[in-house]
Amino acid sequence: MVLITLVGKKLAQEGNEFVYLGITQKCKNCRLKTVCSNLQEGRVYKVVKVRDKSHSCSLHEDGVVVVEVEKLPAEVNIKEKEAEATAVAYRPIKCNKVLCKEHESCVPNIKEKEYKIVEVIGDVECPKGYKLKKVLIDDIK
C-alpha cells in the first residue's frame, strides 16, 4: 500500500529507504505535521515516487518534498518455535547485550502486536544461547 508523506529534500530519491523515528518537538506546531507524521514509528519505508511539490521546513534545511512511500516488512528475531507459524504475537527478546550485532533485530522499535510472518530468513547466532530465527514480519491486513 502506497502512502503519501513528506521527507527531507536530500532523502527524496526513488529507492531510498529510511526508518521513521516519530515526530519531534520542533514539529508539534507545524501545519504540515499530519502529513509528515502519518507513518509508524520504527518501521522502514521505501520512496517509490517523488512528486513535484515541496515545502519549507524548520527541521530540514532544504525543506521537504511530497513523496509516495511503501512500508517494508520488519526484520526481527523471534524464538525458534514461533517461526514455525504463519503469524506471531511479537514481543522483543529480553536481552541487555547492546553491543551484540543482533541486538537491533532482537529489540526493534516496533509495536508489540500480531504480525504475519512473510519470510523466515534463517538461524541467529545468539551469544546468550537463545534459539532464535531471523524473520520478516508485516502487518496483518
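Biologist: By class, what does the lining of the largest pocket have in it?

Modeller: Counting by class, there are 16 nonpolar residues, nine polar and six charged in that lining. Keep in mind that this is a predicted model.

Biologist: OK, and how does anyone find empty space in a structure?

Modeller: The general idea is to roll a probe the size of a water molecule over the atoms, which shows where empty space is left. In this structure, the largest pocket holds about 520 Å³ of space. Its lining is made of 31 residues, and the ones nearest the centre are Leu6, Gly8, Cys36, Leu59 and His60.

Biologist: Which element gives the most to the lining of the largest pocket?

Modeller: That's β1, with four residues. β1 (2-8), β2 (17-19) and α1 (33-36) each supply at least two.

Biologist: Let's move to a single residue. Is Leu132 buried or exposed?

Modeller: The general idea is that under 20% relative accessible area is called buried. Leu132 has 3%, so it counts as buried. You'll find Leu132 in strand β8, which covers residues 132-139.

Biologist: What does Leu132 touch, leaving out residues up to four places away in sequence?

Modeller: Its contacts include Asn77, Ile78, Ile93, Cys106, Gly122 and Val124. As for Val44, 88 residues away along the chain, its C-alpha atom is separated from that of Leu132 by 22 Å.

Biologist: Now salt bridges. How many does the count come to?

Modeller: In general, you look for a side-chain nitrogen of Lys or Arg within 4 Å of a carboxyl oxygen of Asp or Glu. Here the count comes to ten. One of them joins the side chains of Lys10 and Glu61, at 3.4 Å from N to O. Lys10 sits in the loop between β1 and β2, and Glu61 in the loop between β3 (44-55) and β4 (64-71), so the pair ties together parts 51 residues apart in sequence. Both Lys10 and Glu61 are exposed.

Biologist: Where do Asp139 and Arg43 lie?

Modeller: Their side chains meet in a salt bridge, 3.5 Å from N to O. This pair links distant parts of the chain, with Asp139 in strand β8 and Arg43 in the loop between α1 and β3, 96 residues apart. Asp139 is buried, at 9% relative accessible area, and Arg43 is buried too, at 1%.

Biologist: And what about Asp123 and Lys133?

Modeller: Their side chains also form a salt bridge, at 2.5 Å from N to O. Asp123 is in strand β7 (residues 114-124) and Lys133 in strand β8, so this pair ties together parts ten residues apart in sequence. Asp123 is exposed, with 60% relative accessibility.

Biologist: Which residues do salt bridges with shared partners join into one network?

Modeller: Arg43, Lys71, Lys113, Asp138 and Asp139.

Methods:
Residues numbered from 1 in each chain as written. Predicted model: local features only at pLDDT ≥ 70, side-chain atom pairs only at ≥ 80, totals over all residues. Heavy atoms only, no water. 1 Å grid on protein atoms, 1.4 Å probe; cavity = no way out; pocket = protein on both sides within 12 Å on 5 of 7 lines; lining within 4 Å. Points joined across faces, edges and corners; volume = space filled by probe spheres on them. Nonpolar A, V, L, I, M, F, W, Y, C, P; charged D, E, K, R; others polar. Buried < 20%, exposed > 50% of the residue type's maximum accessible area, 1.4 Å probe, protein only. Contact = heavy atoms within 4.5 Å.
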